[in-house]
Amino acid sequence: MNKWKQRIENILTQHLELPSDVILELPRITTIGQIHAYIENHKGLILFSESELRLRMKDGYLRITGENFVLKMMLPEEILLEGKIKELAFIEG
């Protein structure tokens, strides 16, 4: 069943010219240097501290580490993070 779902998603993305991040429920991350990260299409906040942000994704989670983190904006599927970003990592599971 999972293979059929992937095929349908690929067909929709290619033939209907829909954005792949929307169809495949992929996160969209926009960074401005090391000081801002705008994350769209996340599935929820797992952890936030001054040095780490962890967000649930479709197939795991996203971990961002750094210093002096502040959440400037938080909506159901969007987050704007400000601080000194050192690392972004996608973790499966």
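Here is a short chat about the strands and a few side chains of this predicted model.

Q: Hi! What kind of model is this, and how are residues numbered?
A: It is a predicted model, where local features need pLDDT of at least 70, side-chain atom pairs count only at pLDDT 80 or more, and totals for chains, interfaces and linings use all residues. Residues are numbered from 1 along each chain as its sequence is written, and side-chain values use heavy atoms, with hydrogens and water left out.

Q: Thanks. What is the order of the strands in the sheet?
A: The open sheet of six strands runs β1-β2-β6-β5-β4-β3, with antiparallel pairing. Strands here are DSSP runs of E with at least two residues, numbered from the N terminus, and two of them pair if DSSP finds at least two bridges between them.

Q: Which strands are at the edges?
A: β1 and β3 (44-48), each of which pairs on one side only.

Q: And how much are neighbouring strands turned against each other?
A: By 35 degrees on average, direction ignored. The axes are lines fitted to C-alpha atoms, and angles run from 0 to 180 degrees between N-to-C directions.

Q: Let's zoom in on β2. What does β2 pair with?
A: Strand β2 (residues 36-40) is joined to β1 (residues 28-32) by five bridges, antiparallel. β2 also pairs with β6 (residues 78-92) over five bridges, again in the antiparallel sense.

Q: Which residues stand opposite each other there?
A: Ile-29 faces Ile-39 in β2, while Tyr-38 stands opposite Leu-80 in β6.

Q: Which residues of β2 are on the covered face?
A: Ala-37 and Ile-39 are on the covered face, whereas His-36, Tyr-38 and Glu-40 are on the uncovered one.

Q: What about the hairpin of β1 and β2?
A: Three residues sit between the strands, and Gly-33 takes a positive phi near 55 degrees.

Q: New topic: how many bridges join β3 to β4?
A: Four, with β3 and β4 (residues 52-57) running antiparallel. Leu-47 has Arg-54 in β4 as its bridge partner.

Q: What does the Glu-52 side chain contact?
A: The side chain of Arg-54, through a polar contact of 2.5 Å; such a contact is a pair of N or O atoms within 3.5 Å, and within protein one must be able to donate a hydrogen and the other to accept it, while residues adjacent in sequence count only if both atoms are side-chain atoms.

Q: Last one: where is Met-74?
A: Met-74 is in strand β5 (residues 60-75), and it is partly exposed, with a relative accessible area of 45%.

Technical notes. Buried means under 20% relative accessible area, exposed over 50%, partly exposed in between (1.4 Å probe, protein chains only).
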